[in-house]
Amino acid sequence: KILILDFGSQVTQLIARRVREAHVYCEVHPCDVTDDWIREYASDGQLKGVILSGSHASVYEDTTDKAPAAVFTLGVPVLGICYGMQTMAHQLGGKVEGGHKREFGFAAVRARGHTALLKDIADFTTDDGAGMLNVWMSHGDKVTELPPGFKLMASTESCPIAGMADEERKFYAVQFHPEVTHTQQGRAILERFVLGICGVKPDWVMRDHIAEAVELIRKQVGDEEVILGLSGGVDSSVAAALIHRAIGDQLTCVFVDHGLLRLNEGDMVMDMFAGKLHAKVIRVDASDAFLSKLAGVSEPEAKRKIIGREFVEVFKAEAARLKAGLDGAHKGAKWLAQGTIYPDVIESGGAKSKKAVTIKSHHNVGGLPEQLGLKLLEPLRDLFKDEVRELGVALGLPHEMVYRHPFPGPGLGVRILGEVKKEYADLLRRADAIFIEELRNFIDPASGKSWYDLTSQAFTVFLPVKSVGVMGDGRTYDYVVALRAVQTSDFMTADWAELPYALLKKVSGRIINEVRGINRVTYDVSSKPPATIEWE
Ligand code: XMP
(Lines give C-alpha, C1' and ligand atoms only; values in the text may rest on other atoms or scores of the structure.)
Protein backbone atom coordinates (compact mmCIF):
# COMPACT_ATOMS: atom_id res chain seq x y z
CA LYS A 1 0.00 0.00 0.00
CA ILE A 2 0.86 3.66 -0.39
CA LEU A 3 0.58 6.23 2.39
CA ILE A 4 -0.44 9.76 1.45
CA LEU A 5 0.30 12.35 4.11
CA ASP A 6 -2.14 15.23 3.89
CA PHE A 7 -0.83 18.73 4.46
CA GLY A 8 -4.26 20.18 3.79
CA SER A 9 -4.41 20.79 0.06
CA GLN A 10 -7.89 20.76 -1.45
CA VAL A 11 -6.70 18.30 -4.08
CA THR A 12 -5.18 15.67 -1.79
CA GLN A 13 -8.08 13.36 -2.51
CA LEU A 14 -7.21 13.51 -6.19
CA ILE A 15 -3.80 11.99 -5.41
CA ALA A 16 -5.57 9.08 -3.70
CA ARG A 17 -7.92 8.77 -6.61
CA ARG A 18 -5.14 8.59 -9.20
CA VAL A 19 -3.29 5.98 -7.13
CA ARG A 20 -6.44 3.86 -6.80
CA GLU A 21 -7.02 4.21 -10.54
CA ALA A 22 -3.66 2.52 -10.98
CA HIS A 23 -5.16 -0.37 -8.94
CA VAL A 24 -2.95 0.34 -5.97
CA TYR A 25 -4.40 0.59 -2.48
CA CYS A 26 -3.62 3.80 -0.61
CA GLU A 27 -4.70 5.67 2.49
CA VAL A 28 -4.68 9.36 3.35
CA HIS A 29 -3.60 10.34 6.85
CA PRO A 30 -2.94 13.74 8.39
CA CYS A 31 0.62 15.06 8.17
CA ASP A 32 0.92 15.41 11.92
CA VAL A 33 1.00 11.69 12.72
CA THR A 34 3.95 10.79 14.93
CA ASP A 35 7.13 8.96 14.07
CA ASP A 36 5.96 6.04 16.21
CA TRP A 37 2.69 5.91 14.30
CA ILE A 38 4.59 5.80 11.00
CA ARG A 39 6.91 3.01 12.17
CA GLU A 40 3.97 1.00 13.49
CA TYR A 41 2.08 1.61 10.23
CA ALA A 42 5.03 0.28 8.22
CA SER A 43 5.81 -2.61 10.54
CA ASP A 44 3.87 -5.25 8.59
CA GLY A 45 6.06 -4.63 5.55
CA GLN A 46 3.10 -3.64 3.38
CA LEU A 47 4.00 0.02 3.06
CA LYS A 48 5.75 0.52 -0.29
CA GLY A 49 5.89 4.28 -0.63
CA VAL A 50 4.88 7.64 0.80
CA ILE A 51 3.45 10.69 -0.98
CA LEU A 52 3.58 14.11 0.68
CA SER A 53 0.69 16.29 -0.50
CA GLY A 54 0.47 19.99 -1.18
CA SER A 55 -0.86 22.56 1.24
CA HIS A 56 -2.21 26.05 1.02
CA ALA A 57 0.25 27.10 3.67
CA SER A 58 3.82 28.29 3.30
CA VAL A 59 6.85 26.63 4.85
CA TYR A 60 7.83 30.00 6.28
CA GLU A 61 4.69 31.88 7.01
CA ASP A 62 1.79 30.18 8.63
CA THR A 63 2.81 26.66 9.38
CA THR A 64 5.49 24.63 10.96
CA ASP A 65 4.08 21.43 9.50
CA LYS A 66 6.74 18.93 8.66
CA ALA A 67 6.64 15.37 7.52
CA PRO A 68 7.38 13.01 10.42
CA ALA A 69 11.15 12.44 10.22
CA ALA A 70 10.58 8.68 10.16
CA VAL A 71 9.24 8.98 6.62
CA PHE A 72 12.77 9.57 5.40
CA THR A 73 14.33 6.67 7.29
CA LEU A 74 11.88 3.87 6.45
CA GLY A 75 13.78 2.92 3.33
CA VAL A 76 10.73 3.33 1.07
CA PRO A 77 10.43 5.76 -1.85
CA VAL A 78 8.97 9.19 -1.10
CA LEU A 79 7.31 11.59 -3.53
CA GLY A 80 6.80 15.21 -2.51
CA ILE A 81 4.22 17.30 -4.33
CA CYS A 82 4.24 21.13 -4.16
CA TYR A 83 4.39 21.89 -0.40
CA GLY A 84 5.47 18.26 -0.01
CA MET A 85 8.52 19.07 -2.12
CA GLN A 86 9.28 22.19 -0.11
CA THR A 87 9.11 20.46 3.23
CA MET A 88 11.22 17.61 1.88
CA ALA A 89 13.87 20.12 0.72
CA HIS A 90 13.69 22.00 4.01
CA GLN A 91 13.90 18.89 6.20
CA LEU A 92 16.75 17.29 4.24
CA GLY A 93 19.03 20.32 4.26
CA GLY A 94 18.04 22.34 1.19
CA LYS A 95 16.69 25.85 1.09
CA VAL A 96 13.18 27.17 0.48
CA GLU A 97 12.39 30.81 0.01
CA GLY A 98 9.10 32.54 0.51
CA GLY A 99 7.80 35.93 -0.47
CA HIS A 100 7.65 35.20 -4.16
CA LYS A 101 4.83 36.19 -6.41
CA ARG A 102 2.27 33.41 -6.40
CA GLU A 103 2.48 31.32 -9.53
CA PHE A 104 -0.85 29.87 -10.51
CA GLY A 105 -1.81 28.15 -13.74
CA PHE A 106 -0.23 26.33 -16.63
CA ALA A 107 3.52 26.10 -17.03
CA ALA A 108 5.87 24.27 -19.35
CA VAL A 109 8.36 22.20 -17.39
CA ARG A 110 11.65 21.07 -18.81
CA ALA A 111 12.73 17.64 -17.59
CA ARG A 112 16.45 17.56 -16.78
CA GLY A 113 18.65 14.52 -16.67
CA HIS A 114 17.15 11.10 -16.92
CA THR A 115 15.43 10.39 -13.66
CA ALA A 116 13.49 7.21 -13.25
CA LEU A 117 10.38 9.28 -12.49
CA LEU A 118 10.20 11.41 -15.64
CA LYS A 119 12.24 9.42 -18.17
CA ASP A 120 10.40 9.19 -21.51
CA ILE A 121 7.34 10.96 -20.16
CA ALA A 122 6.77 14.18 -22.10
CA ASP A 123 4.12 16.14 -23.93
CA PHE A 124 6.63 17.34 -26.51
CA THR A 125 10.39 17.53 -27.06
CA THR A 126 12.48 20.63 -27.69
CA ASP A 127 15.02 20.94 -30.52
CA ASP A 128 17.82 20.05 -28.13
CA GLY A 129 16.03 16.87 -27.13
CA ALA A 130 14.70 17.88 -23.70
CA GLY A 131 11.35 16.45 -22.71
CA MET A 132 8.72 19.09 -21.95
CA LEU A 133 5.65 18.71 -19.75
CA ASN A 134 2.55 20.89 -19.67
CA VAL A 135 1.74 21.13 -15.98
CA TRP A 136 -0.44 22.91 -13.43
CA MET A 137 1.38 25.01 -10.84
CA SER A 138 0.06 26.71 -7.75
CA HIS A 139 2.64 27.96 -5.28
CA GLY A 140 4.26 30.99 -3.69
CA ASP A 141 7.39 29.61 -2.04
CA LYS A 142 10.01 27.71 -3.96
CA VAL A 143 13.06 25.58 -3.42
CA THR A 144 16.19 27.64 -4.12
CA GLU A 145 18.88 25.20 -3.06
CA LEU A 146 18.90 21.42 -3.48
CA PRO A 147 19.44 19.31 -0.36
CA PRO A 148 22.68 17.28 -0.31
CA GLY A 149 22.48 14.18 -2.51
CA PHE A 150 19.74 15.61 -4.74
CA LYS A 151 19.97 16.49 -8.41
CA LEU A 152 17.84 18.78 -10.50
CA MET A 153 14.98 16.92 -12.18
CA ALA A 154 12.87 19.66 -13.73
CA SER A 155 12.70 23.41 -14.15
CA THR A 156 10.51 26.17 -15.53
CA GLU A 157 11.43 29.71 -16.44
CA SER A 158 10.15 31.18 -13.20
CA CYS A 159 10.94 28.19 -11.01
CA PRO A 160 14.45 26.90 -11.70
CA ILE A 161 14.05 24.01 -9.24
CA ALA A 162 10.64 22.58 -10.21
CA GLY A 163 11.66 19.00 -9.54
CA MET A 164 14.44 17.22 -7.67
CA ALA A 165 15.53 13.67 -7.05
CA ASP A 166 17.84 11.65 -4.87
CA GLU A 167 17.74 8.44 -6.86
CA GLU A 168 19.86 6.53 -4.41
CA ARG A 169 17.27 6.91 -1.65
CA LYS A 170 14.40 7.06 -4.17
CA PHE A 171 13.24 10.47 -3.01
CA TYR A 172 11.48 12.46 -5.72
CA ALA A 173 9.71 15.78 -5.61
CA VAL A 174 7.86 18.03 -8.02
CA GLN A 175 6.68 21.59 -7.56
CA PHE A 176 3.75 21.10 -9.94
CA HIS A 177 0.57 19.07 -9.34
CA PRO A 178 0.57 15.70 -11.13
CA GLU A 179 -2.78 14.77 -9.52
CA VAL A 180 -4.90 17.33 -11.38
CA THR A 181 -6.09 16.58 -14.89
CA HIS A 182 -4.62 19.88 -16.20
CA THR A 183 -1.22 18.20 -15.88
CA GLN A 184 -1.57 16.05 -18.95
CA GLN A 185 1.05 13.46 -18.02
CA GLY A 186 0.14 13.56 -14.33
CA ARG A 187 -1.47 10.16 -14.32
CA ALA A 188 1.57 8.64 -16.05
CA ILE A 189 3.91 10.26 -13.51
CA LEU A 190 1.96 9.00 -10.48
CA GLU A 191 1.67 5.55 -12.05
CA ARG A 192 5.41 5.56 -12.67
CA PHE A 193 5.99 6.39 -9.00
CA VAL A 194 3.71 3.76 -7.46
CA LEU A 195 4.17 0.94 -9.97
CA GLY A 196 7.71 1.58 -11.24
CA ILE A 197 9.58 3.19 -8.37
CA CYS A 198 7.69 1.76 -5.38
CA GLY A 199 7.24 -1.52 -7.23
CA VAL A 200 3.65 -2.12 -6.09
CA LYS A 201 1.75 -4.69 -8.10
CA PRO A 202 -1.42 -3.20 -9.61
CA ASP A 203 -3.67 -5.80 -8.06
CA TRP A 204 -6.13 -3.85 -5.95
CA VAL A 205 -9.48 -4.96 -7.31
CA MET A 206 -13.02 -4.88 -6.00
CA ARG A 207 -13.25 -8.64 -5.55
CA ASP A 208 -10.44 -8.62 -3.00
CA HIS A 209 -11.95 -5.59 -1.40
CA ILE A 210 -15.26 -7.37 -0.77
CA ALA A 211 -13.54 -10.26 0.95
CA GLU A 212 -11.45 -7.89 3.08
CA ALA A 213 -14.39 -5.65 3.93
CA VAL A 214 -16.61 -8.61 4.87
CA GLU A 215 -13.87 -9.94 7.13
CA LEU A 216 -13.43 -6.56 8.77
CA ILE A 217 -17.16 -6.07 9.39
CA ARG A 218 -17.41 -9.52 11.00
CA LYS A 219 -14.43 -8.78 13.21
CA GLN A 220 -15.77 -5.37 14.24
CA VAL A 221 -19.33 -6.40 14.90
CA GLY A 222 -18.91 -9.92 16.26
CA ASP A 223 -22.35 -11.28 17.09
CA GLU A 224 -23.92 -7.88 17.75
CA GLU A 225 -26.86 -6.37 15.87
CA VAL A 226 -26.62 -3.50 13.39
CA ILE A 227 -29.20 -0.93 12.23
CA LEU A 228 -28.88 0.91 8.92
CA GLY A 229 -30.94 3.77 7.50
CA LEU A 230 -31.75 2.73 3.95
CA SER A 231 -32.75 5.55 1.60
CA GLY A 232 -32.64 3.74 -1.71
CA GLY A 233 -29.73 5.94 -2.81
CA VAL A 234 -26.49 4.40 -4.07
CA ASP A 235 -24.39 4.70 -0.92
CA SER A 236 -26.84 3.35 1.64
CA SER A 237 -27.88 0.57 -0.77
CA VAL A 238 -24.33 -0.60 -1.34
CA ALA A 239 -23.54 -0.36 2.38
CA ALA A 240 -26.64 -2.46 3.13
CA ALA A 241 -25.73 -5.10 0.55
CA LEU A 242 -22.15 -5.32 1.84
CA ILE A 243 -23.09 -5.55 5.51
CA HIS A 244 -25.80 -8.06 4.70
CA ARG A 245 -23.21 -10.17 2.87
CA ALA A 246 -21.05 -10.05 5.99
CA ILE A 247 -23.53 -10.62 8.79
CA GLY A 248 -26.90 -11.56 7.23
CA ASP A 249 -29.75 -11.28 9.72
CA GLN A 250 -27.72 -9.40 12.30
CA LEU A 251 -28.50 -6.39 10.06
CA THR A 252 -31.85 -4.61 10.17
CA CYS A 253 -32.47 -1.86 7.61
CA VAL A 254 -34.85 0.97 8.42
CA PHE A 255 -36.41 2.55 5.37
CA VAL A 256 -38.24 5.77 6.17
CA ASP A 257 -40.84 6.61 3.51
CA HIS A 258 -41.45 10.34 3.90
CA GLY A 259 -44.04 10.43 1.15
CA LEU A 260 -41.72 12.52 -1.02
CA LEU A 261 -40.17 9.65 -2.92
CA ARG A 262 -40.42 9.00 -6.65
CA LEU A 263 -43.11 6.81 -8.22
CA ASN A 264 -43.03 3.24 -6.84
CA GLU A 265 -39.64 3.92 -5.24
CA GLY A 266 -40.62 2.50 -1.87
CA ASP A 267 -41.87 -0.72 -3.44
CA MET A 268 -38.72 -1.05 -5.53
CA VAL A 269 -36.46 -0.66 -2.50
CA MET A 270 -38.49 -3.27 -0.58
CA ASP A 271 -38.54 -5.60 -3.54
CA MET A 272 -34.76 -5.41 -3.93
CA PHE A 273 -33.68 -5.68 -0.31
CA ALA A 274 -36.43 -7.67 1.36
CA GLY A 275 -37.44 -9.62 -1.76
CA LYS A 276 -34.22 -10.41 -3.62
CA LEU A 277 -31.49 -10.05 -0.99
CA HIS A 278 -33.66 -11.44 1.84
CA ALA A 279 -32.45 -8.71 4.15
CA LYS A 280 -34.49 -7.62 7.16
CA VAL A 281 -36.07 -4.29 6.21
CA ILE A 282 -38.56 -2.28 8.22
CA ARG A 283 -40.53 0.12 6.08
CA VAL A 284 -41.79 3.04 8.10
CA ASP A 285 -44.62 4.83 6.34
CA ALA A 286 -44.34 8.29 7.80
CA SER A 287 -45.83 10.25 4.91
CA ASP A 288 -48.77 11.61 6.89
CA ALA A 289 -46.50 12.88 9.64
CA PHE A 290 -44.19 14.59 7.14
CA LEU A 291 -47.02 16.14 5.14
CA SER A 292 -48.80 17.48 8.19
CA LYS A 293 -45.57 19.06 9.50
CA LEU A 294 -45.05 20.65 6.08
CA ALA A 295 -48.56 22.08 5.77
CA GLY A 296 -48.53 25.84 5.27
CA VAL A 297 -44.71 26.05 4.95
CA SER A 298 -43.36 27.40 1.68
CA GLU A 299 -39.85 28.71 2.41
CA PRO A 300 -37.27 26.24 1.00
CA GLU A 301 -34.84 26.23 3.92
CA ALA A 302 -37.68 25.93 6.42
CA LYS A 303 -38.99 22.92 4.46
CA ARG A 304 -35.52 21.34 4.43
CA LYS A 305 -35.20 21.80 8.18
CA ILE A 306 -38.61 20.28 8.88
CA ILE A 307 -37.93 17.28 6.68
CA GLY A 308 -34.47 16.77 8.18
CA ARG A 309 -35.73 17.06 11.75
CA GLU A 310 -38.72 14.79 11.18
CA PHE A 311 -36.49 12.22 9.52
CA VAL A 312 -34.22 12.14 12.55
CA GLU A 313 -37.23 11.82 14.88
CA VAL A 314 -38.78 8.94 12.96
CA PHE A 315 -35.47 7.17 12.58
CA LYS A 316 -34.61 7.65 16.23
CA ALA A 317 -37.93 6.21 17.37
CA GLU A 318 -37.42 3.18 15.17
CA ALA A 319 -33.80 2.75 16.21
CA ALA A 320 -34.75 3.00 19.88
CA ARG A 321 -37.24 0.16 19.40
CA LEU A 322 -34.57 -1.94 17.74
CA LYS A 323 -32.04 -1.07 20.39
CA ALA A 324 -34.50 -2.27 22.99
CA GLY A 325 -34.57 -5.58 21.17
CA LEU A 326 -37.99 -5.32 19.54
CA ASP A 327 -38.89 -6.55 16.05
CA GLY A 328 -36.82 -9.69 16.22
CA ALA A 329 -33.57 -7.87 16.97
CA HIS A 330 -33.37 -10.15 19.96
CA LYS A 331 -30.07 -9.03 21.39
CA GLY A 332 -30.76 -5.31 20.97
CA ALA A 333 -28.84 -3.33 18.37
CA LYS A 334 -25.40 -2.01 19.26
CA TRP A 335 -24.33 -0.49 15.93
CA LEU A 336 -25.55 2.15 13.54
CA ALA A 337 -24.29 1.68 9.97
CA GLN A 338 -23.93 4.56 7.54
CA GLY A 339 -23.03 4.75 3.86
CA THR A 340 -20.40 7.44 4.40
CA ILE A 341 -17.99 7.47 1.46
CA TYR A 342 -14.45 8.80 1.19
CA PRO A 343 -15.28 12.24 -0.25
CA ASP A 344 -17.70 12.76 2.70
CA VAL A 345 -14.90 11.90 5.11
CA ILE A 346 -12.53 14.34 3.48
CA GLU A 347 -15.11 17.10 2.95
CA SER A 348 -16.21 17.07 6.53
CA GLY A 349 -12.62 17.10 7.72
CA GLY A 350 -13.15 13.69 9.23
CA ALA A 351 -9.79 12.32 8.12
CA LYS A 352 -8.94 13.99 11.45
CA SER A 353 -6.67 16.44 9.72
CA LYS A 354 -6.69 19.74 11.51
CA LYS A 355 -5.85 21.25 8.18
CA ALA A 356 -8.59 19.97 5.88
CA VAL A 357 -11.15 22.68 5.23
CA THR A 358 -14.72 21.82 6.18
CA ILE A 359 -16.82 22.42 3.09
CA LYS A 360 -20.12 20.97 4.18
CA SER A 361 -21.46 18.45 6.59
CA HIS A 362 -24.27 16.69 4.88
CA HIS A 363 -25.48 13.67 6.69
CA ASN A 364 -29.15 13.33 7.39
CA VAL A 365 -28.36 11.33 10.48
CA GLY A 366 -25.26 13.24 11.63
CA GLY A 367 -24.82 13.06 15.40
CA LEU A 368 -27.30 10.21 15.71
CA PRO A 369 -24.93 7.48 16.88
CA GLU A 370 -24.00 9.50 19.99
CA GLN A 371 -27.60 10.39 20.74
CA LEU A 372 -28.61 6.77 20.47
CA GLY A 373 -25.59 5.37 22.22
CA LEU A 374 -24.74 3.23 19.21
CA LYS A 375 -21.34 2.45 17.76
CA LEU A 376 -20.74 3.66 14.21
CA LEU A 377 -20.10 1.25 11.33
CA GLU A 378 -18.98 2.85 8.06
CA PRO A 379 -17.78 0.17 5.65
CA LEU A 380 -17.53 2.50 2.60
CA ARG A 381 -15.37 5.13 4.29
CA ASP A 382 -12.33 4.36 2.14
CA LEU A 383 -14.08 4.33 -1.23
CA PHE A 384 -14.75 6.89 -3.92
CA LYS A 385 -18.15 7.07 -5.61
CA ASP A 386 -17.06 5.15 -8.69
CA GLU A 387 -15.56 2.46 -6.45
CA VAL A 388 -18.80 2.27 -4.46
CA ARG A 389 -20.67 1.70 -7.73
CA GLU A 390 -18.20 -0.96 -8.81
CA LEU A 391 -18.63 -2.62 -5.43
CA GLY A 392 -22.43 -2.50 -5.75
CA VAL A 393 -22.29 -4.28 -9.09
CA ALA A 394 -19.84 -6.85 -7.70
CA LEU A 395 -22.30 -7.46 -4.84
CA GLY A 396 -25.04 -8.19 -7.34
CA LEU A 397 -27.07 -4.98 -7.15
CA PRO A 398 -28.72 -4.10 -10.47
CA HIS A 399 -26.92 -1.68 -12.76
CA GLU A 400 -29.93 0.73 -12.81
CA MET A 401 -29.83 1.04 -9.05
CA VAL A 402 -26.09 1.53 -8.78
CA TYR A 403 -25.87 4.07 -11.61
CA ARG A 404 -28.89 6.13 -10.57
CA HIS A 405 -28.84 9.89 -10.63
CA PRO A 406 -28.47 11.43 -7.19
CA PHE A 407 -31.70 12.25 -5.36
CA PRO A 408 -31.74 14.89 -2.61
CA GLY A 409 -32.52 13.90 0.96
CA PRO A 410 -35.63 16.15 1.11
CA GLY A 411 -36.83 14.42 -2.05
CA LEU A 412 -39.81 15.91 -3.89
CA GLY A 413 -40.09 18.35 -1.00
CA VAL A 414 -37.66 20.67 -2.82
CA ARG A 415 -39.09 19.88 -6.26
CA ILE A 416 -42.58 21.12 -5.42
CA LEU A 417 -42.14 24.88 -5.29
CA GLY A 418 -43.62 26.46 -2.22
CA GLU A 419 -46.06 24.58 -0.05
CA VAL A 420 -45.97 20.79 -0.35
CA LYS A 421 -49.32 19.04 -0.83
CA LYS A 422 -50.08 15.41 -1.46
CA GLU A 423 -52.02 16.29 -4.60
CA TYR A 424 -48.95 18.06 -6.02
CA ALA A 425 -46.62 15.20 -5.07
CA ASP A 426 -48.88 12.67 -6.80
CA LEU A 427 -48.99 14.71 -10.03
CA LEU A 428 -45.25 15.32 -9.92
CA ARG A 429 -44.42 11.63 -9.37
CA ARG A 430 -46.36 10.59 -12.48
CA ALA A 431 -44.90 13.33 -14.68
CA ASP A 432 -41.37 12.62 -13.46
CA ALA A 433 -41.70 8.88 -14.10
CA ILE A 434 -42.60 9.62 -17.74
CA PHE A 435 -39.60 11.91 -18.15
CA ILE A 436 -37.19 9.34 -16.67
CA GLU A 437 -38.70 6.49 -18.70
CA GLU A 438 -38.22 8.39 -21.96
CA LEU A 439 -34.67 9.43 -21.01
CA ARG A 440 -33.89 5.74 -20.64
CA ASN A 441 -35.68 4.90 -23.93
CA PHE A 442 -33.94 7.49 -26.10
CA ILE A 443 -30.55 6.24 -27.27
CA ASP A 444 -28.04 8.70 -28.67
CA PRO A 445 -26.81 7.10 -31.93
CA ALA A 446 -23.33 8.63 -31.70
CA SER A 447 -22.44 7.13 -28.32
CA GLY A 448 -24.93 4.27 -28.11
CA LYS A 449 -25.87 5.51 -24.62
CA SER A 450 -29.30 6.42 -23.31
CA TRP A 451 -30.00 10.05 -22.47
CA TYR A 452 -30.41 8.95 -18.87
CA ASP A 453 -26.78 7.85 -18.86
CA LEU A 454 -25.71 10.93 -20.81
CA THR A 455 -27.10 13.26 -18.14
CA SER A 456 -25.85 13.57 -14.57
CA GLN A 457 -29.18 14.42 -13.04
CA ALA A 458 -32.65 14.81 -14.54
CA PHE A 459 -36.01 15.39 -12.89
CA THR A 460 -39.30 17.23 -13.05
CA VAL A 461 -40.26 20.26 -10.97
CA PHE A 462 -43.84 21.08 -9.98
CA LEU A 463 -44.89 24.71 -10.39
CA PRO A 464 -48.02 25.54 -8.42
CA VAL A 465 -49.35 27.98 -10.99
CA LYS A 466 -52.18 27.38 -13.40
CA SER A 467 -52.25 28.20 -17.06
CA VAL A 468 -54.96 27.94 -19.69
CA GLY A 469 -54.99 25.21 -22.31
CA VAL A 470 -57.33 23.57 -24.75
CA MET A 471 -58.04 19.88 -24.89
CA GLY A 472 -60.52 18.48 -27.38
CA ASP A 473 -63.26 21.08 -27.40
CA GLY A 474 -62.74 22.15 -23.86
CA ARG A 475 -60.77 24.73 -22.01
CA THR A 476 -58.35 23.51 -19.35
CA TYR A 477 -56.92 25.47 -16.47
CA ASP A 478 -54.18 23.31 -14.96
CA TYR A 479 -50.72 23.15 -13.44
CA VAL A 480 -47.29 23.54 -15.07
CA VAL A 481 -44.17 21.37 -14.73
CA ALA A 482 -40.59 22.12 -15.69
CA LEU A 483 -38.17 19.46 -16.91
CA ARG A 484 -34.60 19.81 -15.69
CA ALA A 485 -31.62 17.84 -17.05
CA VAL A 486 -27.99 18.74 -16.42
CA GLN A 487 -24.51 17.53 -17.24
CA THR A 488 -21.77 17.97 -14.67
CA SER A 489 -18.77 16.19 -13.26
CA ASP A 490 -18.89 17.58 -9.73
CA PHE A 491 -22.38 19.14 -9.23
CA MET A 492 -20.65 22.40 -8.26
CA THR A 493 -21.13 23.75 -11.78
CA ALA A 494 -23.49 22.28 -14.36
CA ASP A 495 -24.69 22.84 -17.92
CA TRP A 496 -28.28 22.25 -18.97
CA ALA A 497 -28.38 19.24 -21.26
CA GLU A 498 -29.09 19.72 -24.96
CA LEU A 499 -31.70 17.01 -25.08
CA PRO A 500 -32.99 16.08 -28.57
CA TYR A 501 -36.19 17.89 -29.55
CA ALA A 502 -37.79 14.54 -30.36
CA LEU A 503 -37.28 13.46 -26.76
CA LEU A 504 -38.71 16.68 -25.33
CA LYS A 505 -41.65 16.43 -27.69
CA LYS A 506 -42.41 12.87 -26.67
CA VAL A 507 -42.16 13.67 -22.96
CA SER A 508 -44.35 16.77 -23.12
CA GLY A 509 -46.97 14.97 -25.23
CA ARG A 510 -47.12 12.06 -22.83
CA ILE A 511 -47.24 14.14 -19.65
CA ILE A 512 -50.04 16.38 -20.93
CA ASN A 513 -52.05 13.45 -22.24
CA GLU A 514 -51.47 11.02 -19.41
CA VAL A 515 -51.33 13.20 -16.32
CA ARG A 516 -54.67 14.95 -15.92
CA GLY A 517 -54.09 18.12 -13.96
CA ILE A 518 -50.97 19.20 -15.88
CA ASN A 519 -51.48 21.03 -19.17
CA ARG A 520 -48.13 22.67 -19.79
CA VAL A 521 -44.52 21.40 -19.85
CA THR A 522 -41.47 23.67 -19.99
CA TYR A 523 -37.74 22.93 -20.25
CA ASP A 524 -35.26 24.65 -17.94
CA VAL A 525 -32.35 26.15 -19.91
CA SER A 526 -30.39 27.64 -17.00
CA SER A 527 -26.84 26.67 -16.14
CA LYS A 528 -25.28 26.54 -12.70
CA PRO A 529 -24.13 29.10 -11.75
CA PRO A 530 -26.06 31.34 -11.59
CA ALA A 531 -29.00 28.95 -11.25
CA THR A 532 -28.72 25.90 -9.00
CA ILE A 533 -29.56 22.38 -10.12
CA GLU A 534 -32.60 22.03 -7.88
CA TRP A 535 -35.17 24.84 -8.03
CA GLU A 536 -35.19 25.22 -4.27
P1 XMP B 1 -27.91 22.43 -6.16
O2 XMP B 1 -29.39 22.58 -6.26
O3 XMP B 1 -27.35 23.04 -4.90
O4 XMP B 1 -27.66 20.87 -6.04
O5 XMP B 1 -27.21 22.90 -7.40
C6 XMP B 1 -26.41 20.23 -6.10
C7 XMP B 1 -26.62 18.76 -5.80
O8 XMP B 1 -27.03 18.59 -4.43
C9 XMP B 1 -28.31 17.98 -4.35
N10 XMP B 1 -29.05 18.64 -3.26
C11 XMP B 1 -29.30 18.09 -2.05
N12 XMP B 1 -28.98 16.87 -1.54
N13 XMP B 1 -30.08 17.44 0.48
C14 XMP B 1 -29.40 16.55 -0.28
O15 XMP B 1 -29.14 15.43 0.18
C16 XMP B 1 -30.42 18.68 0.06
O17 XMP B 1 -31.03 19.45 0.78
C18 XMP B 1 -30.01 19.01 -1.29
N19 XMP B 1 -30.17 20.12 -2.07
C20 XMP B 1 -29.57 19.86 -3.26
C21 XMP B 1 -28.93 18.19 -5.71
O22 XMP B 1 -29.90 17.18 -6.00
C23 XMP B 1 -27.74 18.13 -6.63
O24 XMP B 1 -27.35 16.79 -6.92
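How many bridges join strand S4 to strand S12, and in which sense do the two strands run? Strand S4 (residues 78–81) and strand S12 (residues 171–174) run parallel and are joined by four bridges; in one of these pairings, Gly80 has Ala173 of S12 as its bridge partner. Here strands (E, at least two residues) and helices (H or I, at least four) are DSSP runs, numbered from the N terminus, and two strands pair if DSSP finds at least two bridges between them.

The structure is a predicted model, in which local features need pLDDT of at least 70 and side-chain atom pairs count only at pLDDT 80 or more, while totals for chains, interfaces and linings use all residues. Residues are numbered from 1 along each chain as its sequence is written.

S4 and S12 belong to an open sheet of 10 strands with mixed pairing, in the order S2-S1-S3-S4-S12-S11-S10-S6-S8-S7. Strand S2 (26–30) and strand S7 (124–125) stand at its edges with a single partner strand each, so one side of each has no neighbour in the sheet.

Another parallel pair is formed by strand S14 (residues 251–257) and strand S15 (residues 280–285), over six bridges. Between them the chain passes through helix H7 (residues 265–276), giving a right-handed β-α-β crossover (with the strands pointing away from the viewer, the path from the first strand over the helix to the second runs clockwise). Phe255 has Arg283 in S15 as its bridge partner. In the loop between S14 and H7 lies Asn264, whose phi is near 60 degrees, a positive value in a residue other than glycine.

Most residues other than glycine have a negative phi, and most peptide bonds are trans.

Finally, what surrounds the ligand? The residues around the ligand include Arg304, Gln457, Phe491, Lys528 and Glu534, where a residue is near a molecule if its C-beta atom, placed from the backbone, lies within 6 Å of it. This shell divides into five nonpolar, three polar and three charged residues (Ala, Val, Leu, Ile, Met, Phe, Trp, Tyr, Cys and Pro count as nonpolar, Asp, Glu, Lys and Arg as charged, and the others, Gly among them, as polar).
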